[in-house]
Structure formats: C-alpha cells, structure tokens
Amino acid sequence: MEKVRQVTRDGFAPWQRSRLMNAWVDSLTIQEIVERLDEGVLFTLNPDHMYHLQNNADFAAAYRDATIVSSDSKYVYWSLGLIGRNIKQKSSGSDIVPAYWKHHANNPEVGIFFLGAKPGVAQMARERINRIVGREIVVGAHGPSFNFVNDPKEIDAVIDMINASGATCLIVGLGAPKQEIWIHRNRHRMPGVKVYMGVGATIDYEAEAVKRAPGWMTRNGLEWVYRMATEPRRYWRRYFRTLDFFWMVLLDRLGLYRGPAFPSPGNSPEPSGDPRVKLLSARP
C-alpha cells in the first residue's frame with residue numbers, strides 16, 4: 001500500500017497526503033485548509049473515525065468522497081509521525097470552522113448554514129457569529145430531531161430549508177458516522193452549497209453551549225480526558241474504542257496492517273474527491 005502521496009491543485013503549492021491505515025490525511029495548516037475550501041468536502045479524522053473506517057462500508061464510501069481530510073486528534077498527528085509520515089499539524093473542526101468564517105467575514109458570496117446540535121444551539125451559534133462579524137454570514141441554522149438521518153420527510157424539509165437559505169457552506173454536526181454518511185448521500189440535492197464540513201461538536205463550541213478543554217490539555221493530547229470528565233455518557237464508548245486504534249497503528253508501523261474487504265480511501269486509486277486535485281507522485 002502507498003504511504004505518501006504528493007498532490008497539487010492549480011493556484012496552490014503542492015502538498016503531501018499521508019496514509020494512516022485505510023485513510024489519507026492532508027498535511028496542511030488550518031489556514032491552508034481554509035484557503036482551499038472554496039468547494040468540496042472536509043472531514044476531520046480521529047481514532048473513532050478510524051474504528052468506523054474498519055467496520056462501516058458506507059462511512060468508508062463517504063471518506064472516499066472527501067476533498068480534504070484533516071487530523072482532528074493529536075493521536076492521529078503523533079501516530080503519523082511515529083510511522084514516518086509526518087503532517088504539518090493537528091487541525092480540528094473546532095479550529096477550522098472559526099478560521100473559515102473569519103477568513104470570509106467580508107466575503108458576501110459566502111453564506112453558512114449550521115445543521116446539528118440540540119434544538120436552539122445552532123441558532124445560538126448563528127447569532128453569536130453574526131454579531132461578531134457584523135453581517136449575516138450564517139444564513140441559517142437548524143437542530144434536527146434525534147432520528148433525523150432515518151426520517152425521509154424531515155430530511156426533505158431540512159434540505160428545502162438549506163436550499164432556500166442561499167447557503168454556500170453547510171456545516172454538519174451530527175456526530176460520526178451519521179454526519180459523513182448524510183453528507184455523502186445528500187450533497188447532490190443542494191446545488192447551491194459548494195463546501196461541506198462534518199465537524200462533530202463544533203456547533204456546540206461556536207454557540208458557547210459547551211466549553212472546550214483548556215489549551216494546555218488540547219496541546220498535550222488530553223482533550224479526551226476533559227470530555228470524559230464533563231460528558232462521560234456521551235464519550236465513554238468512543239474512547240474505549242480508541243484502544244483498537246493504537247493496536248492498528250502498531251500493525252501499520254510493522255507493515256502488517258490489512259484493511260477491510262470493502263473499498264475505502266486507502267485502497268482507492270483516486271487522489272481525492274476533488275477532480276481539480278492531481279496526484280503527482282506516490283511512495284510505497
């Protein structure tokens with residue numbers, strides 16, 4: 001299996017894409033990601049995503065469609081360094097989203113829609129950001145029902161809401177694997193939306209409804225400790241599965257990792273979900 005890909009896109013310097021098990025991670029800073037997000041899909045890889053990538057064919061299919069994949073975890077970042085496929089930095093959705101709306105604060109052609117979080121929270125995020133920016137950069141917000149992804153009528157109503165808003169960027173916070181699969185299955189129904197992001201709890205952070213871990217914990221890979229302490233019922237199963245992640249990293253380091261039988265990004269010949277991105281070279 002390839003270990004590293006060198007890719008390019010017109011107007012930007014070439015960058016490296018590194019493989020971790022059956023996923024590809026782009027070696028880009030937060031600012032470089034934001035500059036490239038004029039079209040396409042952003043997913044943010046963490047150890048829980050790696051678990052789903054081994055076991056969920058629909059999730060893997062969604063990841064194959066991603067334009068940019070960032071490292072949402074220090075453990076992904078450190079693991080790539082351990083196996084000799086370093087990337088520039090950890091780039092969480094909770095860092096990329098505020099960088100994105102700040103970058104486009106004065107760009108009237110960009111309108112954002114928040115989909116996710118509990119009822120009322122997305123609207124709180126919308127009001128806060130618009131107040132800071134001084135214009136309606138967030139043009140819509142909706143907190144769907146718990147069963148949203150399995151309710152065709154609610155999906156239809158939400159898609160109509162997004163299309164009517166004029167949004168060019170859809171930020172989805174439904175949690176993995178739901179948000180990635182939903183984007184993959186429905187993005188063709190929203191022709192005005194150019195950018196899609198699957199970003200987990202980021203809408204909660206933007207609304208200031210949930211506090212992020214202190215900076216020193218985030219920098220040292222201890223954000224999971226903070227989350228477990230503050231929301232144990234929500235996160236205990238997710239972090240228990242992280243133990244599998246460390247075992248798979250070791251197998252990858254030793255050249256013994258074998259991916260799932262279904263198609264996934266790591267065994268895809270395509271360099272990206274973005275046809276404008278070209279594969280320059282690959283290193284086995």
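A charge sits over a ring if NZ of Lys or CZ of Arg is within 6 Å of the ring centre and within 35 degrees of the ring normal. With that in hand, here are some notes on the model.

1. Ground rules. This is a predicted model, in which local features need pLDDT of at least 70 and side-chain atom pairs count only at pLDDT 80 or more, while totals for chains, interfaces and linings use all residues. Residues are numbered from 1 along each chain as its sequence is written, and side-chain values use heavy atoms, with hydrogens and water left out.

2. Charges over rings. K102 lies over the face of W101, 5.6 Å from the ring centre. For R36, the charged end sits over the ring of W15, at 4.7 Å from its centre.

3. Aromatic pairs. Rings of Phe, Tyr and Trp (its six-membered ring) pair if their centres lie within 6.5 Å; planes under 30 degrees apart count as stacked, over 60 as edge-to-face and the rest as tilted. Searching the whole structure gives six such pairs. One of them is F43 with Y63, a tilted pair at 5.1 Å centre to centre with 50° between the planes. This pair links distant parts of the chain, 20 residues apart: F43 belongs to strand β4 (residues 40–45) and Y63 to helix α3 (residues 57–64). Helices (H or I, at least four residues) and strands (E, at least two) are DSSP runs, numbered from the N terminus.

4. Buried means under 20% relative accessible area, exposed over 50%, and partly exposed in between (1.4 Å probe, protein chains only). F43 is buried at 1%, and Y63 is buried at 4%. F245 and F246 form an edge-to-face pair, 5.6 Å centre to centre and 65° between the planes. Here F245 is buried at 1%, whereas F246 is partly exposed at 40%. Ring pairs also join Y75, W78, F245 and F246 into a cluster.

5. Nonpolar cores. A nonpolar core is a set of buried Ala, Val, Leu, Ile, Met, Phe, Trp, Tyr and Cys residues joined through side-chain atoms within 4.5 Å. The largest has 42 residues, of which L20, L45, L115, I162, L170 and W182 touch the most other members. Leaving out residues up to four places away in sequence, W182 touches L115, F148, V149, I155, I159, I162, L170 and M190 (contact means heavy atoms within 4.5 Å). A second, separate core has 35 residues, including I33, I129, V133 and A141.
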